[in-house]
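Trainee: Could you walk me through this structure, one feature after another, and tell me how each is to be read?

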Amino acid sequence: MLFRGSISIAIAGLLTAMATARAFDDAKYPDLFGVWRRVNLRPGGQPSFDPTKPWGRGQQAPLTPEYQAIHEASLADQANGGQGNWQSGARCMPPGMPASMTAYGEMEIVVLPEVTHILLNHNSGYHRRIYTDGRDWPKEVEPSFQGYSIGKWIDEDGSGHVNLLEVETRHFKGPRALDPTGLPVHADNQSIVKERIFFDKTDPTILHDEITLIDHAYTRPWTVLKSYQREPGKYPIHSQEDCAATTANVLIGKELYYLSPDRELMPTRKDQPPPDLSYFRTYDR
Amino acid sequence: MRYRSWIVAFGSLVALCFTLAESRAWDETRYPDLKGQWRPIGDPTRFDPSNAWGRGQQAPLTPEYQALFEANLKDQAAGGQGLAQTNTCISPGMPRVTNGYGQIEVVVTPRTTHIMVEHINDNRRIYTDGRGWPTEIEPTYLGYSIGTWIDTDGDGRYDVLEVETRGFNGPRTYDNSGIPLHEDNLTVVRERIYLDKSDPNIFHDEVTVTDHALTRPWIVTKSYHREPDRQPSWREVTCAENNNRVDIGKQNYMLSPDGQLMPTRKDQPPPDLRYFNRSGKQGP
């Protein structure tokens with residue numbers, strides 16, 4: 001009996017040691033390692049918020065009349081050579097959430113027990129942190145373009161492996177837009193973005209993000225499904241986009257100009273006035 | 001017989017446990033605890049924090065690059081930016097990002113160690129998945145980094161991350177005084193990253209730069225301290241949001257609060273407006 005008792009204690013001790021030593025059992029989480037790229041359904045135009053529909057008016061976004069007018073003004077400005085509401089291209093600004101998840105460039109997802117990082121290679125790189133450590137909303141949050149995200153991993157089928165990441169994101173700042181036509185979100189920046197991130201049931205190389213935007217510029221919550229495909233290869237290679245080093249756009253005041261190959265200012269539309277040079281002693285050289 | 005069956009059962013369980021241990025893809029206890037928020041110890045505007053800024057860095061530059069550096073200092077003294085490129089929100093690149101301009105997070109995973117700095121475009125990936133150097137590397141400011149975790153004292157835990165970084169583009173400088181790297185961008189940066197032996201809330205990065213603008217490898221040890229809050233707040237930094245510098249032609253200008261172009265130094269020429277129809281009025 002003494003021997004059997006000793007063995008039982010040894011077994012219990014061994015199992016306890018195994019359990020405590022394993023600080024992070026990553027086998028519980030889906031393998032999201034690699035380079036992910038947006039699945040481009042190519043319905044027309046540049047990447048759209050709802051990938052099943054063309055960008056701009058084709059999105060049939062449920063905008064309020066006020067924000068429909070703002071979108072129309074953005075389109076009119078762009079038709080005239082301006083940037084409209086889309087700050088991302090001309091100023092190298094992040095589009096902000098939820099447009100970040102359009103994934104204009106490569107995406108990497110790093111899963112740790114307490115946080116999931118989403119790294120997006122576009123402009124100067126965006127970094128989302130989705131806290132999964134059980135925290136509640138802080139009393140004060142500094143607004144940001146990516147917002148503050150709290151997530152929860154779900155084991156939907158009770159298999160012991162989590163397969164769904166539910167995320168809620170709040171506390172934004174602007175300006176943000178949903179697509180390059182300047183499809184707006186409300187200036188109050190009170191958006192709430194809810195996401196469900198999960199693997200495709202039949203194709204493990206496809207990841208989905210079901211995004212629901214709740215925003216005062218919209219008459220109802222707007223839900224879209226984005227998809228991403230993992231690049232094949234054992235050793236993924238991530239690039240570094242550096243918008244500031246490559247952009248040819250220059251915004252001076254409210255006027256957008258273009259830089260020629262020799263980096264001199266050029267107009268972006270017919271009869272565009274040059275910038276005001278009154279701060280210079282002379283402007284004829 | 002009963003004892004024998006217990007022994008067999010125990011043996012099977014031990015074998016199962018070892019199998020479980022081996023199938024565990026990621027045992028983070030083998031790696032140093034680098035979680036949390038880190039800040040540089042010392043002034044991040046200097047590449048070598050133990051030496052003074054600018055000429056005080058005593059960078060072992062070749063005469064040609066020393067002359068470029070002096071011309072850069074002269075330009076900065078006149079109000080220009082010299083060779084330092086970050087004022088227009090271009091990534092500082094390697095090895096300058098090791099200066100640690102913002103909040104730093106180190107994320108260790110089995111196949112990659114991320115060093116992320118909330119600054120301009122400073123997030124590094126160090127591949128630790130055993131890959132070799134690719135035949136072709138797309139040049140970037142941060143370069144392509146391959147690392148190896150080392151167990152230096154044989155205790156079963158890694159304690160040093162050795163990193164080599166190549167594949168750069170430029171221009172790059174070491175710090176905001178404009179100490180230049182060679183324009184051939186053939187820089188090789190080697191690093192040893194490790195926790196301090198006596199203080200687990202400090203980590204060091206021993207950086208060795210080999211570059212054709214240097215007469216010898218330049219070795220600098222940087223240190224970072226961990227903020228006490230283990231659930232820190234992270235501040236999103238968007239350089240372009242409030243940037244008021246703009247490069248046009250070969251000149252760097254400022255934007256006034258009302259968005260108009262301003263000179264950055266006395267008698268600076270305005271931009272060349274040859275592409276505009278000058279018959280119209282000036283100014284929008």
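**Strands and their pairing**

Mentor: Let us begin with a pair of strands: β7(A) and strand β8 (residues 206–214) of chain A run antiparallel and are joined by 8 bridges. Strands (E, at least two residues) and helices (H or I, at least four) are DSSP runs numbered from the N terminus, and two strands pair if DSSP finds at least two bridges between them. This is a predicted model, in which local features need pLDDT of at least 70 and side-chain atom pairs count only at pLDDT 80 or more, while totals for chains, interfaces and linings use all residues. Residues are numbered from 1 along each chain as its sequence is written, and chains are lettered from A, and ligands numbered from 1, in the order in which they are written.

Trainee: How many residues does the hairpin between β7(A) and β8(A) pass through, and what is the bridge partner of Glu195(A) in β8(A)?

Mentor: The hairpin from β7(A) to β8(A) goes through 6 residues, and Glu195(A) has Ile211(A) as its bridge partner in β8(A). Strand β7 (residues 192–199) of chain A also runs antiparallel to strand β6 (residues 164–170) of chain A, with 6 bridges between them, and here Thr169(A) stands opposite Val193(A) in β7(A).

Trainee: Which strands of chain A stand at the edges, each with a single partner strand?

Mentor: In chain A there is an open sheet of 3 strands, in the order β10-β11-β12 with antiparallel pairing. Its edges are β10 and β12 of chain A, each with a single partner strand, so one side of each is left without a neighbour in the sheet. Between β10(A) and strand β11 (residues 255–259) of chain A there are 4 bridges in the antiparallel sense, and Val250(A) stands opposite Tyr257(A) in β11(A).

**Cores and contact**

Trainee: How should I read a nonpolar core, and which residues have the most contacts inside the largest one?

Mentor: In soluble globular proteins, nonpolar side chains tend to be buried together. A nonpolar core is a set of buried Ala, Val, Leu, Ile, Met, Phe, Trp, Tyr and Cys residues joined through C-beta atoms within 7 Å; a residue is buried if 20 or more other C-beta atoms lie within 10 Å of its own, exposed if 12 or fewer, and partly exposed in between, with C-beta atoms placed from the backbone. The largest core here has 38 residues, and Ile104(B), Val106(B), Ile115(B) and Val117(B) have the most contacts inside it. Apart from it lies another core, of 35 residues, one of which is Val193(A).

Trainee: Where in chain B is the pLDDT below 50?

Mentor: The pLDDT is the predictor's confidence in each residue, from 0 to 100. Chain B averages a pLDDT of 89, and 89% of its residues score at least 70. The pLDDT is below 50 over residues 10–24 of chain B, and also over residues 280–284 of chain B. Where pLDDT is low, the predicted coordinates should not be read in detail.

Key:
Contact = placed C-beta atoms within 7 Å.
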